[in-house]
Amino acid sequence: MEQQLVHLVPELLRKVWKHLGSTRQVIAAVTPVSKALRDVLFATMTTMNLRGCCNITDATMTALAANCANLTTIDLAGCGNIADTAITALAANCANLTTINLNCCD
């Protein structure tokens, strides 16, 4: 079954993403499912909204950046626990990134 999940059409995953509404809900929803589905979802993700997630750290962002190479936009406003390491990881792994919101980040 896991091999079948890898072949899901990215459009279907985008519809699931849109239905769930927020990045936090999507991450919570896909955590218990197979790694293959998470890999496909994160590989196709272009926008991520983590606004106000005060528990996001450099380690979290480094892991997300390594798995979300197609990101074009990320909102990290109010994520006060991230520093240069997170931004460096995004720059190194997300070549298509054009917009980063860092409002209210020290």
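I started with aspartate 58, which has its place in helix 5. Helices here are DSSP runs of H or I with at least four residues, strands are runs of E with at least two, and both are numbered from the N terminus. The model is a predicted one, where local features need pLDDT of at least 70, side-chain atom pairs count only at pLDDT 80 or more, and totals for chains, interfaces and linings use all residues. Residues are numbered from 1 along each chain as its sequence is written, and side-chain values use heavy atoms, with hydrogens and water left out.

*Entry on aspartate 58.* Is aspartate 58 buried or exposed? I found a relative accessibility of 17%, so aspartate 58 counts as buried. Buried means under 20% relative accessible area, exposed means over 50%, and partly exposed lies in between, with a 1.4 Å probe and protein chains only. Next I looked up its contacts (heavy atoms within 4.5 Å). Leaving aside neighbours within four places in sequence, aspartate 58 touches Asn81, Ile82, Ala83, Thr85 and Ala86. For alanine 83 I also noted a distance: its backbone nitrogen lies 2.7 Å from a polar atom of the aspartate 58 side chain.

*Entry on aspartate 84.* I then turned to aspartate 84, which is in helix 6, residues 84–93. Aspartate 84 has a relative accessible area of 62%, so I put it down as exposed.

*Entry on helix 6.* Which residues of helix 6 are buried? I listed Ala86, Ala89 and Leu90. Seen down the helix axis, these buried residues fall within an arc of 100°, so they line one face of helix 6. The arc is that of the directions from the helix axis to the C-beta atoms. On the other side of helix 6 I found Asp84, Thr88, Ala91 and Ala92 exposed. I also checked what covers the buried residues of helix 6, and the cover includes helix 5 (58–67) and strand 2 (73–75).

*Entry on the chain.* I counted 6 helices and 3 strands in the chain. From the N terminus on, I read the elements as α-α-α-α-β-α-β-α-β. Of the 106 residues in the chain, 33% are buried. Among contacts with a separation of 6 or more, 75% are between residues 24 or more positions apart.

Terms used
Polar contact = N/O pair within 3.5 Å; in protein donor to acceptor, adjacent residues only side chain to side chain.
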